[in-house]
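Here are my notes on the model you sent over. Have it open while you read.

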Amino acid sequence: MFRSRNVIKEAAAASTVDRRNILKAGMLAGLGLAAAPALAACGGGSGSSGGPGLKWAGWDGPPQSEVFRRFSEKMTEKLGVKVTYQQVVGDYLSKLLPQLSAGAAPDAFYVGDIYMAKLIETKQVLDLTDYLDSGDAAVKLDDFHEGLYRWCRPADGSPGLFGLPVDCSPLVFWFNKDLLAEAGVSTDPAAQFEAGTWTQDTLTDLLDKIRATKKRGLVLNGSNWHDWFGWLSTFGGTLFDESGKAVFDADPKSQEALAWLFEQLKSGNITYSGALPQGQGADVLFYAGQLACLTYSRVILPNVKKAQFGFDIAPLPSLSGKDVMPVPVQTAALSVNAKSKNQAKALEFLGNFLNAEGQRFRLSGGGNAVPSIKGLDDVVTEGHVPAHGKLFNDVAAKGYAVPSAIAGNAKVAQELPVLVDKMLKAGNETPRSFSGKVVKLINGGA
């Protein structure tokens with residue numbers, strides 16, 4: 001079986017700078033009380049980029065930054081103003097806040113899911129409603145998958161929409177076809193899904209067989225909400241009620257899903273990533289042929305293509321065995337600076353960045369993200385790798401981005417992964433006690 005130290009080293013390096021980690025790195029620190037004065041001080045600022053050009057900022061590194069520069073050139077021609085991309089390296093939020101405070105932030109900029117609420121609250125981003133309702137908008141709200149933009153609305157339920165998802169990263173089930181075959185799994189998850197038999201029991205049987213070979217079957221990849229919420233919702237659990245209150249501590253299907261998850265962790269069928277040796281991330285183990293299955297987004301595709309084993313994807317299993325169920329989808333938004341002196345052009349830019357033409361330009365040709373709008377299936381089926389790549393779009397269409405109760409509360413966003421990590425490492429919680437502590441934190445308890 002393939003196992004290269006160089007591949008592991010390269011994969012580990014890539015893992016540290018992927019979209020998932022960039023979205024998380026350094027963002028939480030800027031959301032607490034210390035950030036509020038800086039944001040509040042922006043009121044009455046002079047606005048950004050007083051010249052005739054338009055500036056926008058994001059955090060993606062190469063090769064995406066080169067795509068952004070080419071797109072900016074394209075927009076310069078279309079909008080009739082000089083469009084300049086500013087790549088922000090390092091802690092994005094800590095660099096954006098001083099710019100906002102000084103009235104010198106870009107006209108449009110990326111906003112991560114866990115700090116949109118603060119920017120809305122402090123009036124740093126423009127409400128897009130009027131633009132989207134106008135006949136001049138280059139993109140319409142109906143173009144987007146509904147579950148991906150709710151977090152761009154005010155956390156208190158008041159009207160307004162202050163950003164739209166630039167693309168997305170839905171959670172799917174990757175698998176190593178060679179390891180499954182060696183373990184005696186005769187029908188892989190993609191084929192099981194097509195046959196309508198990709199159920200919880202089917203997955204348990206698969207993991208039992210992998211464990212018998214002394215290989216790792218699956219890793220619960222981290223303590224952040226999106227890494228374990230998916231197992232509850234894919235098995236029919238209700239996580240939040242219509243008011244946004246967390247209810248999975250009392251929801252029967254959520255409790256059953258948690259019981260299954262804890263059973264798999266106890267048996268060794270699933271390993272918690274926090275218990276892995278340092279440097280052994282789930283994605284790195286998968287690239288090296290040491291992990292049979294992985295729940296992750298399309299962001300790992302460039303690295304998986306280098307691996308010397310057969311691979312494919314499926315949705316997470318469901319109770320019916322045939323349904324694509326709602327699971328977490330990571331995303332970021334593009335927003336317009338409320339203090340921009342070029343708001344009209346910034347809105348034009350936003351529409352062209354997010355519409356079908358813009359997303360095709362940015363995501364085609366070997367990209368690793370998934371469109372956030374409908375009708376671009378061909379972007380993720382390029383080259384037919386993986387074979388069932390269309391499922392990325394199917395999962396995105398059914399999925400949900402960060403819940404408002406997490407996105408709109410800095411304390412929850414900061415403390416939730418710490419609490420979950422502590423409990424998973426201890427390994428002595430029941431589904432009821434685990435979910436009770438988590439729900440208490442999310443709903444405003446201590």
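The points below go from the whole chain down to one residue.

1. Ground rules first: this is a predicted model, where local features need pLDDT of at least 70 and side-chain atom pairs count only at pLDDT 80 or more, while totals for chains, interfaces and linings use all residues. Residues are numbered from 1 along each chain as its sequence is written, and side-chain values use heavy atoms, with hydrogens and water left out.

2. The protein chain has 21 helices and ten strands (DSSP runs, H or I of at least four residues for helices, E of at least two for strands, numbered from the N terminus). Of its 446 residues, 55% are buried, meaning under 20% relative accessible area with a 1.4 Å probe, protein chains only.

3. Now the sheet: five strands, open, mixed pairing, in the order β2-β1-β3-β10-β4. Two strands pair if DSSP finds at least two bridges between them. β2 (83-87) and β4 (164-170) are the edges, each pairing on one side only.

4. Helix α5 (residues 92-101) packs on this sheet and touches β1 (54-58), β2 and β3 (108-112); touching here is contact, heavy atoms within 4.5 Å.

5. Have a look at the β4 side. β4 runs antiparallel to β10 (residues 329-336), with six bridges between them. P165 has A333 as its bridge partner in β10.

6. Is T331 buried or exposed? This β10 residue is buried, at 2% relative accessible area. Its side chain reaches the backbone oxygen of D167 at 2.5 Å.

Methods:
Axes are lines fitted to C-alpha atoms, for helices over the stretch in contact, and angles run from 0 to 180 degrees between N-to-C directions. Buried means under 20% relative accessible area, exposed over 50%, partly exposed in between (1.4 Å probe, protein chains only). A polar contact is a pair of N or O atoms within 3.5 Å; within protein, one must be able to donate a hydrogen and the other to accept it, and residues adjacent in sequence count only if both atoms are side-chain atoms.
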